Amino acid sequence: MKKKQLIWAAALLLTFSLTSCGQESAIVDDPGNAEESIVDTLEDDAEDEASEEETDEETASSEDTEDSAASTGKTEKNSAKTTSTTAKNEKNEKGSAATTQKNNTGSNANSTGKNDSANTQKPQQNGTAAETPVDEDDDPEEEAEQIKYIYLQGNTAQYSGDGIEVHGNVVKIGKGGVYEISGTLSNGQILIQTDSKKVRLHLNGASITNHAGSAINCQKAKRLTIKSMEGSVNYLEDGGVHDDDKGTIFTEDTVVFKGTGELNIVANYAHGVQSDDDIVVNSGTLNITSAKSCLHSNDGIEINGGSIMCNGGTNGIKTDGYVTITGGNSVFLGGVREEKGAIYCSGTFTVTGGSFYALGNTCTTPDASTTTANVIGLMFPNPQKGDTIVNIISGGNTILNATSPRQFKYVVYCGPDLLINAEYQVNYGGTIADGSWVNYVNYGGTYTGEKDGGSFVAGNTVTFYTVP
């Protein structure tokens, strides 16, 4: 009762205050309603306050517990964060130092290698193409696979891992995966016939000779990769008549060569490597001597790196599709027949980097619209005898000294030392003193000329010159 009296007094006081101020309110018009409204409101507020006090006490207790745990976790997290930040700062400092060192080195290299005097002779950059194929040395899919081992032993083989069968002198691979091959197979074959999966052969000191067919015969796989392992020297040779697989390496699908080792291929019957799809060379040393074309594909040939020597009885390389060279150091030698060449392709021949020497009776001219690296070519009106030395100099510097063991009419060269608007002097038929011969190219020797082949200015990215 006392509480209601207090509420009534408060209502009257509020009414008097509002009336004195000249304000009207619904509460003033009906004091009874005002009492009930205020009572309800104050009672609700009192209940809310009591509830909030109980909630606050429970929350405070809960928060005290959580704050204690959070404080401990936060301290550990902050400690870990501090450690991480310290390590990150140390890493950034190292990265900063490495970047500074790299920039300084690059600056020095650029300063040393730049030719400031060549104002009108703009060098063409032999960089990589816009879409450089992925180097499978960094293929995570390959790294994740378990390696299976094949040990060649004369006329048979031992192995470990599934997907391998040995039938006399034929080693059959029936599943995709990575297979490391070592030892000698004196007269036999690696036959690949899978469920359309990728097959990767790691050659680690492998020697395979087949007297009546291909050394490696890939009849079915999604893709064949042949990797020459680091420090290894590998050897493949074919023989006999084998119409179904006209190559020391034959594949129905794309074949990719890579690695840091060496692979030597001898093709006695036809081609060194025959692919019904593409041939891709990414890295490694590849030496091929063949009765016909060294690299022969139906779709295309890509050379992105490595050291390649193609000594072909007909063509150095040949394809019904495209040829693209983005890197590497290659030599292509064609055969003696008039229509055979160092490089032959029915499609587009594109050069964006690397260096190569091509000598043969013909050679496909690189496409000027897609080629970004400088290429020069010499065309002789009459065939030059085998072992005739061709010399090209520019600005007193030797650009090339090269020859072929067979007759040739074309000499084509691409390298980083070529300049647009530079003048080139041609000599041929002379001799070389000193220096070293590597794959019919002389390095460091002194040429003494016999015949003057005239001179020309390379005014374009691709320049071919007819020797008088």
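Asp-162 is partly exposed in this predicted model. Its relative accessible area is 42%. The residue sits in the loop between strand 2 (156-160) and strand 3 (164-167).

The structure holds 2 salt bridges. One of them joins Asp-162 to Lys-148. The closest N and O atoms of this pair are 2.9 Å apart. Lys-148 belongs to strand 1, which spans residues 147-154. Lys-148 has a relative accessibility of 12%. Lys-148 therefore counts as buried, because the term applies under 20% relative accessible area.

Lys-175 lies in the loop between strand 4 (170-173) and strand 5 (177-185). Asp-162 is likewise in a loop, the one between strand 2 and strand 3. This pair, 13 residues apart, also links distant parts of the chain. Lys-175 has a relative accessible area of 40%. That value makes Lys-175 partly exposed, because the class covers the range between under 20% and over 50%.

Taken together, Lys-148, Asp-162 and Lys-175 are linked in a network of salt bridges.

Terms used:
Residues numbered from 1 in each chain as written. Predicted model: local features only at pLDDT ≥ 70, side-chain atom pairs only at ≥ 80, totals over all residues. Heavy atoms only, no water. Salt bridge = Lys/Arg side-chain N within 4 Å of Asp/Glu carboxyl O. Helix = DSSP H or I, 4+ residues; strand = E, 2+ residues; numbered from the N terminus. Buried < 20%, exposed > 50% of the residue type's maximum accessible area, 1.4 Å probe, protein only.
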